[in-house]
Amino acid sequence: MWKQFLSKLPRKSSASGDSGQCSNGTGIQRTSSCGSVPSARPASAIRRMSSAVFPSSVVAGIEPLVSFKDVPNSEKQTLFVSKLSLCCVVFDFSDPNKSSVEKDIKRQALLDLIEFVESSSARFSEAAIAACAKMCAINLFRAFPPNYRSGSSGGGEGDEDEPMFDPAWCHLQLVYELLLKFIGSSSLDAKIGKKHFDHSFIVKLLNLLDSEDPRERDCLKTILHRIYGKFMVHRPFIRKAVSNIFYQFVFETDRHNGIAELLEVFGSVISGFALPLKEEHKIFLWRVLIPLHKPKSVGLYLQQLTYCVTQFLEKDPKLASSVIIGLLRYWPIINCQKEVMFLSAIEEILESTSQAEFQKCMVPLFRRISHCITSSHFQVAERALFVWNNDHIISLIAQNRQVIMPLVVPALEQNIQNHWNQAVLNLTMNVKKMFSEMDEDLFSSCLAKHKEDEEKRVSLEVKRKLTWEKLESAAAFQPVTGHTAVLVGHQPSANMIATLI
């Protein structure tokens, strides 16, 4: 097909085009990353290429290399379809020198299509909409090569590796740009478009978000948001499909490259939810957003995730206590970096938490914060103590000091006695002083209670030590025989201790 066409083309070396980036006003940065770009052929040479050169399977009705300004308005839609049919041919970019002229022709056709969509004021026909959906599907929907690295979303050393870029990006980005402009065009009738940009198309588009190329994910993010806004009938399906991606990521694969982009789209979607919130939306918060704090790679998308959660709380502040309890359920035990992230997320959520909601979760919350205060990892302890720098949180603590102070004061005293880091010690002293100024009598009683508990703990430890010494002495006078049962690795039972004492 292409060989027949090229036999009638003048062979000229293609001139090198611009190699930088140019913004096209759509949010997609157009780059010239191909080995060659279209040569500046005169318009007369292009017009000489008759439609007889192209097989009927590629060309639809009119010479595809004719410029839109060279045909009457009545034939522009037909030329649009013809150019789309030409762009359905997909080239192999593994060899940059292979079919270079054909690649240039396709690139120029894509640029013409983008320009036409931008300037068109007439409604697109159903044939044009179907042809555009078909061309985008043929060019974009493809299988990614297997990822042999140890999980690109793992948050470990593999994240330092360079992402894999598709060599066909110089064509792909133009197809994405055309799709974005076409979906956003006022000339596209949503009632007709929804039949061709259907559920199958949307699912395949969502699957592309697992691409390692951040440029492609950024394009897809913008297009997904545009589709969500254009086709209202598809909104419930998009929410369900995205939820399924999140479920698979959290509970099965633990790897996906596009979680941050999906959350970024949903941040604006959540802000548009009507009040009162539907039960479906609350379930999305509890079953999708809160479990997304579980994966070890949460740091890659925590900013977008926290924004989505705070958007829910702005819509319905009564959800705050359930969100905090959900975070406590997924609190990291041995991952100190995640613990610091969780403390930051908790502080941001508490800033928009009311007094009534705070009281529902303050006891388990400050038990966890107290545990963080005494952490031997200085960043965890430091971040937990930084909570007292927030005026709104201090106000909540002051109004509930009768409950919170007895939980926190023992942790402060333990830090002063045992912690190794000077910065943590200084912060601990500051919080202790703050509590003393807040309610001196309550603080003194908490200190006295802590001292009493410590004395009891030391006394119990001494008793336990004496008990073990008695057991060891008793065992020393009773030689072990072949049929004697020996208790190994267990502390003495209450009855045995009472007998020895």
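1. Contact here means heavy atoms within 4.5 Å. With that in hand, look at helix 14 and helix 15. Val323, Ile324 and Leu327 in helix 14 meet Phe342, Ile346, Ile349 and Leu350 in helix 15. The residues of this contact divide into seven nonpolar, no polar and no charged.

2. A word on the source. This is a predicted model: local features need pLDDT of at least 70, side-chain atom pairs count only at pLDDT 80 or more, and totals for chains, interfaces and linings use all residues. Residues are numbered from 1 along each chain as its sequence is written, and side-chain values use heavy atoms, with hydrogens and water left out.

3. Next, confidence. pLDDT is the predictor's confidence in each residue, from 0 to 100. The mean for the protein chain is 84, and 80% of its residues reach 70 or more. Over residues 1-26 the pLDDT stays under 50, and the model has 48 contacts for them beyond four places in sequence. Residues 36-60 are also below 50. That stretch has 45 contacts in the model beyond near neighbours in sequence.

4. The overall make-up. The protein chain has 22 helices and two strands. Helices (H or I, at least four residues) and strands (E, at least two) are DSSP runs, numbered from the N terminus. Of the 501 residues, 46% count as buried. Buried means under 20% relative accessible area, exposed over 50%, and partly exposed in between (1.4 Å probe, protein chains only).

5. How do helix 14 and helix 15 lie relative to each other? The axes of helix 14 (residues 320-329) and helix 15 come within 11 Å and cross at roughly 170°. Axes are lines fitted to C-alpha atoms, for helices over the stretch in contact, and angles run from 0 to 180 degrees between N-to-C directions. Angles under 35 degrees count as roughly parallel, over 145 as roughly antiparallel, 65 to 115 as roughly perpendicular and the rest as oblique. The two helices are therefore roughly antiparallel.

6. Glutamate 339 sits in helix 15 (residues 336-350). Is this residue buried or exposed? Glutamate 339 counts as buried because its relative accessibility is 5%. Leaving aside neighbours within four places in sequence, its contacts are Trp331, Pro332, Cys372 and Val380. The C-alpha atoms of glutamate 339 and alanine 381 are separated by 10.0 Å, and these residues are 42 apart along the chain.

7. Alanine 381 belongs to helix 17, where Val380, Ala381, Glu382, Arg383, Ala384 and Leu385 are buried. Six of the eight residues of helix 17 (residues 378-385) are buried, so this helix is largely enclosed by the rest of the structure. Its buried residues pack against helix 15, helix 16 (355-373), helix 19 (401-418) and helix 20 (422-438).

8. How many disulfides does the whole structure have? A search finds zero. A disulfide is a pair of cysteine sulfur atoms within 2.5 Å. The sulfur of cysteine 87 is 7.5 Å from the closest cysteine sulfur, in cysteine 88, so it is too far for a bond. Cysteine 87 is buried, at 0% relative accessible area.

9. Last, the loops. A cis peptide bond joins leucine 275 and proline 276, with omega about -5°. Proline 276 is in the loop between helix 11 (259-271) and helix 12 (279-289). Serine 99 is not a glycine, yet has a positive phi of about 55°. Serine 99 counts as partly exposed, at 23% relative accessibility.

Note on methods: Nonpolar A, V, L, I, M, F, W, Y, C, P; charged D, E, K, R; others polar.
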